[in-house]
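Subject: Structure for you to look at

Hello,

Here is the structure I promised to pass on. Please open it first, then read my notes below.

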Amino acid sequence: MEIIFYHPTFDPACWLPALRKALPGANVREWRKGDDEPADYALVWHPPVEMLRGRELKGVFALGAGVDSILSKLKAHPEMLAQHIPLFRLEDTGMGLQMQEYAVSQVLHWFRRFDDYQALKQQARWLELEEYRREDFTIGILGAGVLGAKVAASLSAWGFPLRCWSRSHKDLPGVTSFAGTEELGEFLHGTRVLINLLPDTPATKGLIDLNVINQLADNSYIMNLARGVHVVENDLLQALDSGKLRGAMLDVFSREPLPADHPLWAHPRVAMTPHVAAATRADEAIAFIAATIGKLERGEIVNGRVDRVRGY
Ligand SMILES: NC(=O)C1=CN([C@@H]2O[C@H](COP(=O)(O)OP(=O)(O)OC[C@H]3O[C@@H](n4cnc5c(N)ncnc54)[C@H](OP(=O)(O)O)[C@@H]3O)[C@@H](O)[C@H]2O)C=CC1
Ligand SMILES: O=CC(=O)O
């Protein structure tokens, strides 16, 4: 079995030996420009078109959870990957726990008003603020897939009222489920903390705009852990300035790296991280890929296949 690997930033010296160990019998090589030798599987992130074009692969694995970049490239270059070649993505592989750490720590930060106390500290003011009550701190999670469900489970342990919004209804313990555009308004009404874990698809781009934000509870918070294109950044800034939103925690942006002159950098009630909410962990990703290839070779059912029409 021949496997080709391409990632613009991952170190092949770390990945290739680990892949060879997990897939004994497979020849794993780093794909380099000009390599058109046969391959059975490709493991990729932001692959050049010429790497995949014309290959009769048994499967392509995206080395991350989101497949928006590869699907948008495919839209521009449909010849890159024939429709019948299955595309897989990483399901959890350690990202769930990272998302839980991120979401829980930030929700508690807002709930215990550490952002307000930090602002008071800047003014050397000793002031006891009114406590927030859990019952006024409903958390709404956009996207209740692999990562959204994990985040919901971790917040549920802290006793917050929880709701999720997805395409289909979910049965998650302690979480009220809403589905489809017809239930979006009900989901937003009363939500105090909005956490975004949707995939980037034509249906979700620009979803978090002023219209959506205005339906949240007053003094609400937004945490974007998915993709920058989900949030209309000017609308977010407007809602922060009007006081509708109390704060935003952003991991992803419409442009990455965020340009140095972008107003989000300077906004006092915006906190941010540089797209690090949940990184691909080599060991767990390789275990998932090796197990999936094993199942594919044996003709078994596998997880993680992307529906290219649906877009995730
Ligand atoms: N910032 C970071 O470091 C990282 C960001 N991510 C982002 O997180 C995203 C989510 O990952 P993951 O949980 O694994 O993805 P999943 O595919 O498992 O979950 C996606 C969820 O979104 C829902 N959904 C999709 N389209 C719509 C729609 N139009 N309306 C309502 N709900 C919709 C799905 O509904 P249904 O269940 O009904 O199909 C599903 O619940 C990734 O696509 C990626 O962009 C991922 C990893 C790291
Ligand atoms: O943003 C990262 C991913 O895995 O998707």
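A residue is called buried when its relative accessible area is under 20%, exposed when that value is over 50%, and partly exposed in between. Keep that cut-off in mind, and keep in mind that this is a predicted model.

Start with threonine 292. Is threonine 292 buried or exposed? Its relative accessibility is 5%, so threonine 292 counts as buried. Threonine 292 sits in helix H11, which covers residues 282-297. A polar atom of the threonine 292 side chain is 2.7 Å from the backbone oxygen of phenylalanine 288. Beyond its neighbours within four places in sequence, threonine 292 is in contact with Phe61, Val302 and Asn303.

Now the record. UniProt, in an unreviewed entry, marks residues 105-277 as "domain: D-isomer specific 2-hydroxyacid dehydrogenase NAD-binding". In the model, this span is 29% helix and 18% strand.

Which residues does UniProt give as "active site"? The unreviewed entry lists Arg227 and His275. They are spread over 49 residues of sequence, yet they cluster in space, with a largest C-alpha distance of 8.9 Å.

Take arginine 227. It is in the loop between strand S10 (220-224) and helix H9 (233-242). At 17% relative accessibility, which is under the 20% cut-off, arginine 227 counts as buried. Its side chain makes a polar contact of 3.0 Å with the side chain of aspartate 68. Leaving out neighbours within four places in sequence, arginine 227 is in contact with Trp45, Gly66, Asp68, Asn196, Asp200, Val252 and His275.

Next, histidine 275. This residue is in the loop between strand S12 (270-272) and H11. Its relative accessibility is 36%, so histidine 275 counts as partly exposed. A polar contact of 2.8 Å links the side chains of histidine 275 and glutamate 256. With neighbours within four places in sequence set aside, the contacts of histidine 275 are Arg227, Asp251, Val252 and Glu256.

Both of these residues also turn up at ligand 2. What surrounds ligand 2? The shell consists of Trp45, Gly64, Ala65, Gly66, Met95, Arg227 and His275. By type, the shell has three nonpolar residues, three polar and one charged.

- Histidine 275: a polar side-chain atom is 2.7 Å from an oxygen atom of ligand 2.
- Arginine 227: a polar side-chain atom is 2.8 Å from an oxygen atom of ligand 2.
- Glycine 66: a polar backbone atom is 2.8 Å from an oxygen atom of ligand 2.

On its own, ligand 2 has 190 Å² of accessible area, and the protein covers 85% of it.

Then there is ligand 1. How many residues surround ligand 1? There are 29, and the closest are Leu147, Ser168, Lys170, Leu225 and Tyr312. Of the shell residues, 17 are nonpolar, seven polar and five charged.

- Serine 168: a polar side-chain atom is 2.6 Å from an oxygen atom of ligand 1.
- Leucine 225: a polar backbone atom is 2.8 Å from a nitrogen atom of ligand 1.
- Aspartate 251: a polar side-chain atom is 2.9 Å from a nitrogen atom of ligand 1.

Taken alone, ligand 1 exposes 950 Å², of which the protein buries 93%. Helix H4 (95-111), helix H6 (146-156) and strand S7 (162-166) are the elements that give two or more residues to the shell around ligand 1.

One last link to look for. Aspartate 251 has a polar side-chain atom 2.9 Å from a nitrogen atom of ligand 1, and Asp251 is also among the contacts of histidine 275. Histidine 275 in turn belongs to the shell of ligand 2.

Best wishes

How values were computed. Residues numbered from 1 in each chain as written. Chains lettered and ligands numbered in written order. Predicted model: local features only at pLDDT ≥ 70, side-chain atom pairs only at ≥ 80, totals over all residues. Heavy atoms only, no water. Near = heavy atom within 4 Å. Polar contact = N/O pair within 3.5 Å; in protein donor to acceptor, adjacent residues only side chain to side chain. Areas by Shrake-Rupley, 256 points an atom, 1.4 Å probe, with all protein chains shown as cover. Nonpolar A, V, L, I, M, F, W, Y, C, P; charged D, E, K, R; others polar. UniProt positions renumbered as here; feature names shortened; annotations may be inferred. Helix = DSSP H or I, 4+ residues; strand = E, 2+ residues; numbered from the N terminus. Buried < 20%, exposed > 50% of the residue type's maximum accessible area, 1.4 Å probe, protein only. Contact = heavy atoms within 4.5 Å.
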